[in-house]
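Please look over the sequence and the model shown here before reading the report.

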Amino acid sequence: MAPRSADASRKTAETDISVSIHVDGSGKSDIATGVGFFDHMLDQLSRHSLIDMTVKANGDLHIDDHHTVEDTGIALGQALTKALGERRGIMRYASIDLAMDETLTRAAIDVSGRPFLVWNVSFSSPKIGTFDTELVREFFQALAQNAGITLHVTNHYGANNHHIAETCFKAVARALRAALERDPRQPDAVPSTKGSLKG
């Protein structure tokens with residue numbers, strides 16, 4: 001079976017981003033976006049999805065983190081789309097309830113070719129350290145849109161904003177891992193009655 005690997009880059013007046021992924025990896029990551037908390041979250045995404053990721057980003061952080069976070073989501077989504085190709089042999093669907101201390105978050109995924117995000121997550125503070133909590137949604141919106149996945153994320157409960165954000169990344173990672181696994185019963189089939197998962 002062909003390796004599911006791809007590169008993507010995005011260069012604008014606001015950011016310069018390069019991404020390399022290997023879907024069938026071991027969760028190794030080399031992340032440097034200039035945004036410490038975001039690097040930590042991307043490391044969790046890689047580690048728990050088992051997708052090897054190299055992400056290098058230079059952005060206009062003197063303004064804020066928004067462009068860097070959003071454009072990284074765009075580039076990662078584009079790389080994932082390239083790596084999956086026709087999406088043959090994938091399990092396609094997955095969901096998980098992920099616990100971390102006092103927090104519980106659900107992620108459900110359909111690797112459908114049809115981008116959509118349903119986001120039921122609230123934070124009690126606009127910041128985690130210096131990181132804008134609203135950027136968690138912005139990242140997943142960009143990822144879902146460019147990866148062609150339907151993604152539902154719901155935080156059932158939680159008190160610590162760091163934990164809420166981290167469970168979002170870990171839950172999405174674990175759901176991605178399950179949805180992208182190769183289906184041994186139909187390794188060459190596109191799992192759709194349409195015969196296509198291209199949207």
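## Phe37 and its surroundings

Which residues does Phe37 touch, not counting residues up to four places away in sequence? Phe37 touches Ile128, Phe131, His162 and Ala165, where contact means heavy atoms within 4.5 Å. Phe37 has its place in helix H1, residues 36–49; helices (H or I, at least four residues) and strands (E, at least two) are DSSP runs, numbered from the N terminus. With a relative accessible area of 13%, Phe37 is buried, a term that stands for under 20% relative accessible area, whereas exposed means over 50% and partly exposed lies in between (1.4 Å probe, protein chains only). Phe37 and Gly129 are 92 residues apart in sequence, yet 8.2 Å separates them in space, C-alpha to C-alpha.

The model is predicted, and local features need pLDDT of at least 70, side-chain atom pairs count only at pLDDT 80 or more, and totals for chains, interfaces and linings use all residues. Residues are numbered from 1 along each chain as its sequence is written, and side-chain values use heavy atoms, with hydrogens and water left out.

## Salt bridges

Side chains of opposite charge can pair when their charged atoms come close. The structure holds eleven salt bridges, each being a side-chain nitrogen of Lys or Arg within 4 Å of a carboxyl oxygen of Asp or Glu. One of them joins Arg10 to Asp71, with the closest N and O atoms 3.2 Å apart. Because Arg10 lies in strand S1 (residues 5–11) and Asp71 in helix H2 (residues 66–84), this pair ties together parts that are 61 residues apart in sequence. Arg10 is partly exposed, with a relative accessible area of 27%, whereas Asp71 is buried, at 3%.

Asp110 takes part in a salt bridge with Arg92 (2.6 Å, N to O). Asp110 lies in strand S6 and Arg92 in the loop between H2 and strand S5 (93–100), so the pair ties together parts that are 18 residues apart in sequence. Both Asp110 and Arg92 are buried, the relative accessible area of Asp110 being 10%. Asp110 also forms a salt bridge with Arg114, the closest N and O atoms being 3.9 Å apart, and Arg114 counts as partly exposed at 40% relative accessibility. Elsewhere, Arg4, Asp24 and Arg182 are linked in a network of salt bridges.

## Strand S10 and its partners

Strand S10 (residues 150–157) pairs with strand S6 (residues 103–110) in the antiparallel sense over seven bridges; two strands pair if DSSP finds at least two bridges between them. Within this pairing, Ile109 stands opposite Leu151 in S10. Strand S7 (residues 116–120) runs parallel to S10 and is joined to it by five bridges, and Asn120 has Thr154 in S10 as its bridge partner.

## The chain as a whole

The secondary structure of the chain comes to four helices and ten strands, which run β-β-β-α-β-α-β-β-β-β-β-α-β-α from the N terminus on. The radius of gyration of the chain is 16 Å, close to the 16 Å that the globule rule gives for 199 residues, so the chain is as compact as a globular protein of that length; this radius is taken over C-alpha atoms, and the rule is 2.2 Å times the number of residues to the power 0.38. Of the 199 residues, 51% count as buried. Among contacts between residues at least 6 apart in sequence, 77% join residues at least 24 apart.
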